[in-house]
Amino acid sequence: MAKSSLQLKENVEGNFFVDSTCIDCGACRRFAPSVFGETGEYSYVYQQPETEPEKLQAQRALLACPTASIGTHQKTDLNDAKQSFPLELAPGIHINGFNARDSFGADSYFIQHSTGNWLVDSPRFSKHLVTAFEAMGGIDTIFLTHQDDVADSRDYARHFHSKRIIHRLDAGSTKDAEIILEGEDDFKIGPGNIIFTPGHTRGHQVLLWDNKYLFTGDHFSWFPKANRFGSFRNACWYSWDVQIQSVEKLKAYKKVEWVFPGHGHRSKVGKAPFPEYVDEAVTWMKTVQ
Ligand SMILES: [Fe+2]
């Protein structure tokens, strides 16, 4: 529970506050961008939610916060926000909330599909999500983009008897995964196409679902202030040059309509074909050392 005694001085007055246990993962800023901003060290409340949709977004952010650093001064009913998770973003594609501290608050997703449901990276193990996933048909496959964001995937795999997929080069803490991929080739499984995209880590992979939905882990995301896609230079653990090459590979997937990252902003692709946005990102990435 967030503590009002630890609340940040930057919060504007009102019901919602962030306390100093915040790790600045940015999850709240993605769930409620009109409420939560960034001090450079923490997230904080820059504007209290006023409308009902804004209040719901702020409540979702509170539930998603991996460190329970968001609180309310007044008793606030969070049930509607809780019941809205997993939250549908596109047909069959949901964001889970309940972000995990172990993945530094990465977003995770749930794909509901007639051939078997998928979890993409992992939220924290939550009773609410377990019940919701059960009602939606369970989890057949857990795709792990890379070693940083496995969080509580083992607990979900045990509960749902799911098969976990990860690349061998990132399987250090997930050596018991049911499917460990090797090499650099795409791996097709049902509507999923797994693409090897090293750079952020050595064994990073992304998932292209139904040719339209690209789950990018920490490889590629939307940068709202710059108004373009790109990658995080300051969070590239393996090789920036290799990451640039891996972003260039994405040009081959021309029908991408949505980008769903772990960290960084999710975004619908604009009117131009996806390869043009990839080109723009690569051009920028090559200017950064
Ligand atoms: Fe990562």
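**Figure 1. The largest nonpolar core.** Of the 72 residues in this core, Cys28, Ala61 and Phe215 touch the most other members. A nonpolar core is a set of buried Ala, Val, Leu, Ile, Met, Phe, Trp, Tyr and Cys residues joined through C-beta atoms within 7 Å. Domain 1 (4–74) and domain 2 (85–285) each supply at least three residues to this core. The model is predicted: local features need pLDDT of at least 70, side-chain atom pairs count only at pLDDT 80 or more, and totals for chains, interfaces and linings use all residues. Residues are numbered from 1 along each chain as its sequence is written.

**Figure 2. Contacts of Phe215.** Neighbours within four places in sequence are left aside here. Phe215 is then in contact with Tyr109, Val120, Thr145, Val206, Leu207, Trp209 and Phe260. Contact requires C-beta atoms, placed from the backbone, within 7 Å of each other.

Figure 3. Domain 1 puts 10 residues into the contact, and domain 2 puts in 11. On the side of domain 1 that touches domain 2, helix 1 (27–31) and helix 2 (52–64) are the elements giving two or more residues.

**Figure 4. The buried side of helix 6.** Helix 6 covers residues 240–249 and has Gln243, Ser246 and Val247 buried. These residues cover an arc of only 100° around the axis, which puts them on the same side of helix 6. The arc is that of the directions from the helix axis to the C-beta atoms. The buried residues of helix 6 pack against helix 7 (274–285). A residue is buried if 20 or more other C-beta atoms, placed from the backbone, lie within 10 Å of its own, exposed if 12 or fewer, and partly exposed in between. Helices (H or I, at least four residues) and strands (E, at least two) are DSSP runs, numbered from the N terminus.

**Figure 5. Thr197 in its loop.** Thr197 sits between strand 13 (192–196) and strand 14 (205–209). It counts as buried, with 28 C-beta neighbours inside 10 Å. Leaving aside neighbours within four places in sequence, its contacts are His204, Gln205, Val206, His219, Ser246 and Lys249. Ser246 is also one of the buried residues of helix 6. Glu184 is 13 residues from Thr197 in sequence; their C-alpha atoms are 8.4 Å apart.

**Figure 6. A cis peptide bond at Pro86.** The bond joins Phe85 and Pro86, with omega about -5°. Pro86 lies in the loop between helix 3 (79–83) and strand 5 (87–90).

**Figure 7. Positive phi at Phe104 and Asp121.** Neither residue is a glycine. Phe104 has phi near 55° and belongs to the loop between strand 6 (93–95) and strand 7 (109–111). Phe104 counts as buried, with 21 C-beta neighbours inside 10 Å. Asp121 has phi of about 55°. Its loop runs between strand 8 (118–120) and helix 4 (127–135). Asp121 also counts as buried, with 29 C-beta neighbours inside 10 Å.

How values were computed: Contact = placed C-beta atoms within 7 Å. Domains from an automatic or database assignment.
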